[in-house]
Amino acid sequence: SSKYQPFPLVSLPNRQWPTRHLTQAPLWCSVDLRDGNQALAVPMNVSQKLEMFDALVKCGFKEIEVGFPSASNTEFNFNRRLIEENRIPEDVTIQCLVQAREDLIERTVESLLGAKKVVIHMYNSTSPAQRKYVFGKTKEEIIAIAIKGAQMIKDRLHRLEETGTQVTLQYSPESFSATEVEFAKEISEAVMDVWQPTPQKKMILNLPDTVEVAMPNVYADQIEWICTHIKNRESLIISLHTHNDRGTGTAATELGLLAGADRVEGTLFGNGERTGNLDIVQVAMNLYMHGISPGLDFSDMNGLIRMYEHTTGMTVPPRQPYAGELVFTAFSGSHQDAIKKGLTGYEEHKTIWDVPYLTIDPNDIGREYHEVIRVNSQSGKGGVAYLLESEFGIELPKDMQREFGPIANNLVDSLGREVKAAELRDMFWKEYIER
Ligand code: KIV
Ligand code: ZN
């Protein structure tokens with residue numbers, strides 16, 4: 001017997017998502033400056049946050065969760081600087097997170113005075129474990145917290161709207177993916193009953209996979225269930241917010257989009273609590289790879305990585321999809337050969353990108369394809385010939401390549417390590433000249 005058990009499935013007999021495919025980009029919201037920042041050992045200071053904010057705007061994000069202004073003076077002052085220094089472009093909305101508590105809501109509203117477009121994002125936690133251990137409250141009491149918070153926000157909207165701020169409201173039943181869907185629906189509808197969204201003035205219902213507890217198909221079922229059962233769906237923007245505890249944050253988001261969601265929250269390179277938030281770069285680039293424009297610009301990936309590493313103190317691992325230093329590098333001779341042929345074919349026709357081993361054209365993100373020619377017991381004759389020619393100008397005819405390749409390979413195998421070009425030259429010399 002095990003102390004763990006699989007997460008219960010959602011009853012969705014007519015599920016649609018497995019037979020769909022994506023046809024358009026979702027709305028994107030970067031949560032780098034909030035979820036990403038709260039997970040750093042040393043959170044960003046105001047100037048680092050400003051640098052990242054400008055970079056996110058440059059990438060094309062139109063919604064940016066800038067922080068939790070009631071949590072600290074740094075967070076509050078960051079909002080004030082953004083607003084007072086007019087740093088927020090007209091078409092960019094800033095979003096702020098807040099719990100359903102009066103003092104925190106009050107401070108959040110103050111931090112946003114004078115902004116043009118804002119999202120106030122209220123959350124409270126809903127899963128059975130949170131209800132039982134953290135809050136010690138019944139379902140009804142948890143709903144009461146959410147309704148009270150929703151009303152407190154609604155009562156303060158005039159302070160922002162009077163001065164021309166456009167306000168959208170967002171609710172997250174935190175720990176949604178571990179919550180019974182029926183309860184998540186009930187509490188979300190209770191909040192929306194207070195806020196009264198309409199198709200002309202939609203509100204955001206964000207459904208977090210706060211901690212991944214199941215396979216991504218289960219999250220997709222939960223999303224489709226909410227999309228098909230929630231009251232007044234046409235007045236809601238259904239938003240996904242996945243984390244990566246089981247390593248499937250990207251899969252969960254992509255399946256959640258198939259299941260009917262409209263919007264995606266995530267961070268650059270997956271920074272965020274524990275194993276991180278969804279890596280928004282991956283989902284956007286995956287769409288791009290399907291021929292769908294994501295509406296986000298990652299054409300200067302190296303510049304973005306430099307900014308990210310400098311502001312967060314984190315690093316991008318060498319095998320990170322699309323962004324890692326090694327993802328457009330081929331080490332093996334057969335891969336190099338296939339890529340070379342594919343690139344030549346693409347150069348001739350320049351139509352659909354179908355170069356073997358390269359998911360996208362590295363030039364599209366300001367990168368280049370690299371070959372690393374190393375000769376070890378795994379290498380073929382091509383690598384041996386390449387090194388002799390490029391390093392010493394020894395050009396082996398094809399017959400000789402076929403003959404010397406296996407000889408070199410046996411010698412290298414008996415050494416049990418990678419060999420340098422000069423050692424290969426010595427082997428060649430012994431075999432053909434000194435013999
Ligand atoms: O992961 C989460 O549930 C969150 C919420 C506050 C949206 O970050
Ligand atoms: Zn989160």
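How many residues does helix α2 (residues 46–59) have, and how far does α2 reach from its first C-alpha to its last?

**Entry 1: ground rules.** I noted that this is a predicted model, in which local features need pLDDT of at least 70 and side-chain atom pairs count only at pLDDT 80 or more, while totals for chains, interfaces and linings use all residues. Residues are numbered from 1 along each chain as its sequence is written, chains are lettered from A and ligands numbered from 1 in the order in which they are written, and side-chain values use heavy atoms, with hydrogens and water left out.

**Entry 2: the whole chain.** I looked up the secondary structure and found 15 helices and ten strands, where helices (H or I, at least four residues) and strands (E, at least two) are DSSP runs numbered from the N terminus. The C-alpha trace spans about 95 × 55 × 45 Å along its principal axes. Of the 435 residues, 50% are buried, a word that stands for under 20% relative accessible area, against over 50% for exposed and in between for partly exposed (1.4 Å probe, protein chains only).

**Entry 3: helix α2.** To my opening question, I found that α2 has 14 residues and reaches 20 Å, close to the 20 Å expected at 1.5 Å a residue; the expected span is 1.5 Å times one less than the number of residues. I listed its buried residues as Val46, Lys49, Leu50, Met52, Phe53, Ala55, Leu56 and Cys59. These buried residues pack against several elements, including β1 (27–30), β2 (63–67) and α11 (301–312), with contact meaning heavy atoms within 4.5 Å.

**Entry 4: Ser127.** I placed Ser127 in the loop between β4 (117–125) and α5 (128–135). Is Ser127 buried or exposed? I found a relative accessible area of 6%, so Ser127 is buried. Leaving out residues up to four places away in sequence, Ser127 touches Glu174, Ser175, Ala178 and Thr179.
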